[in-house]
Amino acid sequence: MSDTHRDDLFVQDDRPDRMEEECGVFGVYATGEDVARITYFGLHALQHRGQESAGIAVADGHTLMVVKNLGLVAQVFSEGDLDSLQGHLAVGHTRYSTTGASRKWENAQPMISAIGPNTIALAHNGNLVNTASLREQLSTLGVRFRSTTDSEVMVRLVDHFTQQHDSIRGGIRDAMRLMRGAYSVVMMSESALYAFRDPYGVRPLVIGRLPGEKGWVFASETCALDIIGAEVIRDVAPGELIRVKGGVLEAEQAVPPEKPSLCIFEFVYFARPDSILQERTVYEARRSQGMALAHTAPVEADMVIGVPDSGIPGAVGYAQGSGIPYGEGLVKNRYVGRTFISPTQSIRQQGIRMKLNPLRHIIKGQRIVVVDDSIVRGNTSKKLVQLLRDAGATEVHMRLTSPPVVWPCFYGIDTDSQDQLIAATHSVEEIAEFIGADSVAYLPLDDLIASTGRPAEEFCSACFSGDYPIDVPDSIRRGKLRLEQNA
């Protein structure tokens with residue numbers, strides 16, 4: 001989903017017309033280095049994964065301090081904040097809420113908890129599907145909660161088992177055996193850094209090393225390693241638990257790995273194009289998607305344009321595959337972003353124009369192929385098509401670098417319920433009519449998988465196929481699978 005969609009939060013209604021981002025996590029252990037600033041820049045690189053809140057926790061072997069708040073990374077931290085965060089290990093987080101209220105400070109991460117004489121800070125990307133039952137079990141044991149997130153349930157679970165084992169690693173192992181769903185986590189105590197990942201590997205988590213072997217780094221994406229000059233070592237394996245203490249990295253298989261199930265939408269929209277997933281550059285995967293679309297969904301046109309930012313590589317690929325010239329038809333306002341300043345009603349009515357402005361002298365009189373990543377409800381695509389027609393396009397052909405999104409996600413992507421997904425209730429022709437396009441075409445799932453260079457068995461593609469790799473409790477399924485219930 002293009003950034004146009006993600007930033008429509010404040011110009012549309014309460015349900016954004018998009019697949020919302022997840023979260024970004026970052027951790028570093030580096031004695032003698034400014035770990036707060038390393039984390040700060042790592043979070044900057046992961047800002048696209050969450051814009052609701054940001055936080056950094058730092059420890060020096062004795063004490064653990066945290067600064068977190070609602071807002072973007074640049075809004076949350078000052079020079080004074082970073083100067084006050086002194087130590088040799090840190091974890092950080094950028095948040096988009098899939099559980100818990102978005103504008104509640106208590107839901108910002110890292111989550112902090114006291115375990116006996118120790119304090120832990122935890123940052124989580126993903127979504128547990130058995131949060132309610134875990135929360136209920138912990139509540140019967142007298143555990144009290146301050147937030148409404150699954151991440152706090154995770155913290156309390158680690159806390160509970162750590163006290164039983166008198167070992168944090170023992171606590172994490174037992175917590176991993178009970179947790180169901182997607183989780184890529186970085187966690188720290190005053191003296192050790194931990195990273196662990198669910199046995200399906202739904203969300204990415206990579207290990208890196210600072211130049212000169214000065215320390216270890218963990219991040220949601222490789223782009224966060226690039227910005228600090230760290231070398232990519234490998235992924236945290238599904239079900240793996242890693243501890244770094246005294247500069248030494250120790251890894252263990254905490255729970256048996258299950259069917260590999262990396263979210264394939266990372267290749268479509270979520271990951272930054274300069275990140276590497278499964279040894280494949282995301283940009284190249286998206287360019288390949290566009291080339292495949294040119295062959296499966298050709299059309300006579302004068303120009304190919306992409307919807308910034310995630311639609312650009314696909315548009316480049318479509319142009320290369322079709323021979324139709326590529327053009328820059330839309331300029332993105334990169335600095336509006338998500339804001340706490342509410343727009344006026346007259347500004348709200350501008351809708352998509354707050355984020356995108358067409359280059360009229362390029363578009364006017366042209367038959368346009370516009371490449372985007374996906375359509376969720378269709379409202380934003382409708383505004384986009386109208387924007388291009390108002391700019392003088394004589395034809396608008398929409399091409400999507402993903403198959404139709406017909407199933408909701410339960411593993412950390414905030415999708416609408418199934419009855420709100422336009423592809424679940426409308427044919428392609430009906431969708432084209434609804435958004436006002438001359439034609440609409442989607443990338444087949446086989447071509448999407450081929451663009452990754454990896455076999456289908458390594459991915460979760462449930463949003464396209466309905467084949468969920470991790471069982472979802474009926475109580476949660478009922479909330480989103482309304483069409484299935486009505487069938």
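This is a predicted model: local features need pLDDT of at least 70, side-chain atom pairs count only at pLDDT 80 or more; totals for chains, interfaces and linings use all residues.
Residues are numbered from 1 along each chain as its sequence is written, and side-chain values use heavy atoms, with hydrogens and water left out.

**Around aspartate 447**

- With 23% relative accessibility, aspartate 447 counts as partly exposed (buried is under 20% relative accessible area, exposed is over 50%, and partly exposed is in between, using a 1.4 Å probe and protein chains only).
- Leaving out residues up to four places away in sequence, aspartate 447 touches Ala292 and Thr296 (a contact means heavy atoms within 4.5 Å).
- Glycine 290 is 157 residues from aspartate 447 in sequence, but their C-alpha atoms are 9.9 Å apart in space.

**The whole protein**

- The protein has 20 helices and 23 strands.
- Of its 487 residues, 59% count as buried.
- Take the contacts with a separation of 6 or more: 71% of them are between residues 24 or more positions apart.
- The accessible surface comes to about 18100 Å², and carbon and sulfur atoms own 49% of that (areas come from the Shrake-Rupley method with a 1.4 Å probe, and for residues only the protein chains shown count as cover).

**The seven-stranded sheet**

- Seven strands make an open sheet in the order E3-E2-E4-E1-E10-E9-E11, with antiparallel pairing (two strands pair if DSSP finds at least two bridges between them).
- Strand E3 (64-70) and strand E11 (231-235) are the edge strands, each pairing on one side only.
- On average, neighbouring strands of this sheet are turned by 15 degrees against each other, direction ignored (axes are lines fitted to C-alpha atoms, for helices over the stretch in contact, and angles run from 0 to 180 degrees between N-to-C directions).
- Strand E1 (residues 24-29) and strand E4 (residues 89-95) run antiparallel and are joined by six bridges.
- Glycine 27 stands opposite valine 91 in E4.
- Helix H2 (residues 35-45) lies across E1, strand E2 (53-59) and E4, and runs at about 25 degrees to E4.

**Aromatic pairs**

- The count comes to nine aromatic pairs (rings of Phe, Tyr and Trp, the last by its six-membered ring, pair if their centres lie within 6.5 Å; planes under 30 degrees apart are stacked, over 60 edge-to-face, and the rest tilted).
- Tyrosine 40 and phenylalanine 41 have ring centres 5.2 Å apart and planes at 85 degrees, so this pair is edge-to-face.
- Tyrosine 40 is buried at 14% relative accessible area, while phenylalanine 41, at 41%, counts as partly exposed.
- Tyrosine 183 and phenylalanine 196 also pair edge-to-face, at 6.2 Å centre to centre with 65 degrees between the planes.
- Tyrosine 183 lies in strand E7 (residues 181-188) and phenylalanine 196 in strand E8 (residues 192-197), so their pair ties together parts 13 residues apart in sequence.
- Both tyrosine 183 and phenylalanine 196 are buried.
- Phe265, Tyr269, Phe270 and Phe464 are linked into a cluster by ring pairs.

**Charges over rings**

- Arginine 135 has its charged end over the ring of phenylalanine 145, 4.2 Å from the centre (the cut-off is NZ of Lys or CZ of Arg within 6 Å of the ring centre and within 35 degrees of the ring normal).
- Lysine 382 lies over the face of phenylalanine 434, at 4.6 Å from the ring centre.

How values were computed
Helices (H or I, at least four residues) and strands (E, at least two) are DSSP runs, numbered from the N terminus.
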